[in-house]
Amino acid sequence: RTMKKLYTGRPDVSAIRREARYLGALVHGDLANFPEIQKRVKAARLRWKCYKGVLTSKISWKYRVCFFKGTVYAAAISGMTAFILTKAECESLDRMIGNMLHTMMRGKGTKKEGEKYKRMKKEQVFRKAWVTPVAVELRAQRIKWLQQVAREPQHHELLLSTIWGKMSFLE
């Protein structure tokens with residue numbers, strides 16, 4: 001029965017996996033980033049829930065930001081360097097991180113304008129917390145990786161020969 005499907009050109013679609021794990025990341029069949037982004041958001045929110053008491057406490061802002069970057073922010077962007085994210089995907093991650101930073105600020109993320117309080121813009125909150133937007137952080141990580149490849153080309157022979165072909169200094 002399967003041989004007949006194979007010869008007729010109609011494979012059994014139900015047997016095809018929609019996603020696979022490659023080098024730790026979840027790669028979707030149509031090369032969408034959504035499954036991996038969803039995984040990163042879930043990991044960041046889990047860390048936020050675990051450490052919310054510390055992150056919103058009255059300890060120094062500097063220490064809370066350092067702890068946030070090391071736990072929540074790191075979980076949100078870890079493993080994303082290899083993916084090309086769209087502007088909308090980066091903005092959704094930034095929005096989540098901005099909302100968490102607003103909560104960390106405990107009311108200091110607002111400005112009084114007349115009778116009403118207005119929430120600070122996301123960019124101002126990022127600047128106050130010394131946190132870079134996701135797109136900028138991923139670019140910086142990629143540049144660091146390329147610098148490391150350029151610094152030690154003998155450790156990356158396969159990558160370099162795949163991109164540029166045979167190289168005389170690698171012989």
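## Nonpolar surface patch

In this predicted model, a nonpolar patch on the surface is formed by Tyr51, Val54, Ile59, Tyr63 and Phe67. Together these residues have about 450 Å² of accessible area. Two elements each give two or more residues to the nonpolar patch: helix H2, spanning 34–55, and helix H3.

Val54 sits in helix H2. Its relative accessible area is 37%, so valine 54 counts as partly exposed. Patch membership needs over 30% relative accessible area, and valine 54, at 37%, therefore passes that cut-off.

## Arginine 64

Helix H3 covers residues 61–77 and holds arginine 64. Arginine 64 is buried, yet has no salt bridge. Which side chain of opposite charge is nearest to arginine 64? That side chain is aspartate 94, and it is 20 Å away. A salt bridge requires a side-chain nitrogen within 4 Å of a carboxyl oxygen.

## Positive surface patch

A patch of positive charge also lies on the surface. Its residues are Lys58, Arg106, Lys108 and Lys128.

Lysine 128 belongs to helix H5, which runs over residues 122–128. Is lysine 128 buried or partly exposed? Lysine 128 is partly exposed, because its relative accessible area is 38%.

How values were computed:
Residues numbered from 1 in each chain as written. Predicted model: local features only at pLDDT ≥ 70, side-chain atom pairs only at ≥ 80, totals over all residues. Heavy atoms only, no water. Patch = residues over 30% accessible without salt bridge, like charges linked within 9 Å, V, L, I, M, F, W, Y side chains within 5 Å. Areas by Shrake-Rupley, 256 points an atom, 1.4 Å probe, with all protein chains shown as cover. Lys, Arg positive; Asp, Glu negative; His and termini not counted. Charge placed at Lys NZ, Arg CZ, Asp CG, Glu CD. Helix = DSSP H or I, 4+ residues; strand = E, 2+ residues; numbered from the N terminus. Buried < 20%, exposed > 50% of the residue type's maximum accessible area, 1.4 Å probe, protein only.
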